[in-house]
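Visitor: I would like to learn how to read a model like this one, beginning with a ligand and then moving on to the strands. Could you take me through it step by step?

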Amino acid sequence: VTMKLVAAAFGLSLLVAGLWVGLSLTSNSDGGGKPGGGGGGGGGRGCFLPPLPKEDVSLCRNLEVFYMEMGNISCKVVPKCNQYRRKIMTWQSPIVKFHGALDGAQYLLVMVDPDAPSRSNPRMKYWRHWVVSNITGTDMKSGSIRGNIITDYQPPTPPPTTGLHRYQFFVYLQGDRDISIPESENENRGAWKLDKFLQQYGLQDPDTSTQFMTQFDGELPPDFGSINDGQDQPDQR
Ligand SMILES: *[C@@H]1O[C@H](CO)[C@@H](O)[C@H](O)[C@H]1NC(C)=O
Ligand SMILES: *[C@@H]1O[C@H](CO)[C@@H](O)[C@H](O)[C@H]1NC(C)=O
C-alpha cells in the first residue's frame, strides 16, 4: 500500500510539474502575460489581453465589447496568442453592451477604424465598419445589437505591415431622428466623414464609447482582397 501511495504521489507531482511548465510556456509565448488574465473571463488560459496603452484610453467608458471565445476586449489589445488576431477577421459582429442604456430610449451605434490604412498615414479615415440605428434601450443593455442596419458589420481587417489599428465604438442617444446614409456614400466604407454625418443629425458627444486595437497577423486569407475592399495597400512611407 505504501509503495502504491508513494508511486501515486510521485506521479501526481510529475503531473503538477508538467502542468506548471506547460502553463509558463504558453503564458510566456505572448510576451509575459499572466495565465488566465484578461479580467472577466476573457482571453482563455495563458492568453492575456493586454490593456490599451495609456495614451489610448480616453475613449474608454462603460461600453463593453465581447467577441466569441475571446470575451471582453473593451479597452484591450487583441493578442497574437490563440490566433485571436486572425480569428477576429472572421468572427461575426460582437455583443456591444451599454449597462447605462435607458429603457424606452433609442440608440445609434457606430464602429469605425480611424487608422485606415495605417495610423501613421490615415488617408482613408474613417473606415466605416458598422452602423446600426433604432436600437432599443433594452437591446443596448443586453448587448444584442438589432435595429435598422445602415452599414453591415465588417470585421477588423488591418492590412499587413500597417501596425496596430484602433477600432472605435460610439453609442449616441438617437431620439426620434431618422438616420440614414445616402446609397452612393454607403457603397464605400473608406474616407467616411463621420464628423459631417454627426453634424447633419445634430449629434454631439456620444453617450458612451470604447475602443480596442488589433493588427494583421500571419498569411493572407484566401478572400483577403475582397473582404478588405481596397484597404490592402501596404503602408509605403
Ligand atoms: C470589460 O472591460 C472593461 C474595460 O477593461 C471593464 O471596464 C468592464 O468592467 C469589463 N466588463 C466585464 C463584464 O468584464
Ligand atoms: C427609426 O426610428 C425613426 C425615429 O423614431 C423612425 O422615424 C424610423 O421610421 C425608424 N426606422 C425604422 C426602419 O424602423
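Guide: A polar contact is a pair of N or O atoms within 3.5 Å; within protein, one must be able to donate a hydrogen and the other to accept it, and residues adjacent in sequence count only if both atoms are side-chain atoms. Here a polar side-chain atom of N134 lies 2.4 Å from an oxygen atom of ligand 2, and one of Q106 lies 3.1 Å from an oxygen atom of ligand 2. The protein covers 50% of the 360 Å² of accessible area that ligand 2 has on its own (Shrake-Rupley method, 1.4 Å probe).

Visitor: What should I know about the model and its numbering?

Guide: This is a predicted model, in which local features need pLDDT of at least 70 and side-chain atom pairs count only at pLDDT 80 or more, while totals for chains, interfaces and linings use all residues. Residues are numbered from 1 along each chain as its sequence is written, chains are lettered from A and ligands numbered from 1 in the order in which they are written, and side-chain values use heavy atoms, leaving out hydrogens and water.

Visitor: How many residues of strand β5 are buried?

Guide: A strand is a DSSP run (E, at least two residues), numbered from the N terminus, and buried means under 20% relative accessible area (1.4 Å probe, protein chains only). In β5, residues 127-136, eight of the 10 residues are buried.

Visitor: Which residue stands opposite T136 in β5?

Guide: Two strands pair if DSSP finds at least two bridges between them. β4 (residues 106-113) pairs with β5 in the antiparallel sense over seven bridges, and Q106 stands opposite T136.

Conventions:
Buried < 20%, exposed > 50% of the residue type's maximum accessible area, 1.4 Å probe, protein only. Helix = DSSP H or I, 4+ residues; strand = E, 2+ residues; numbered from the N terminus.
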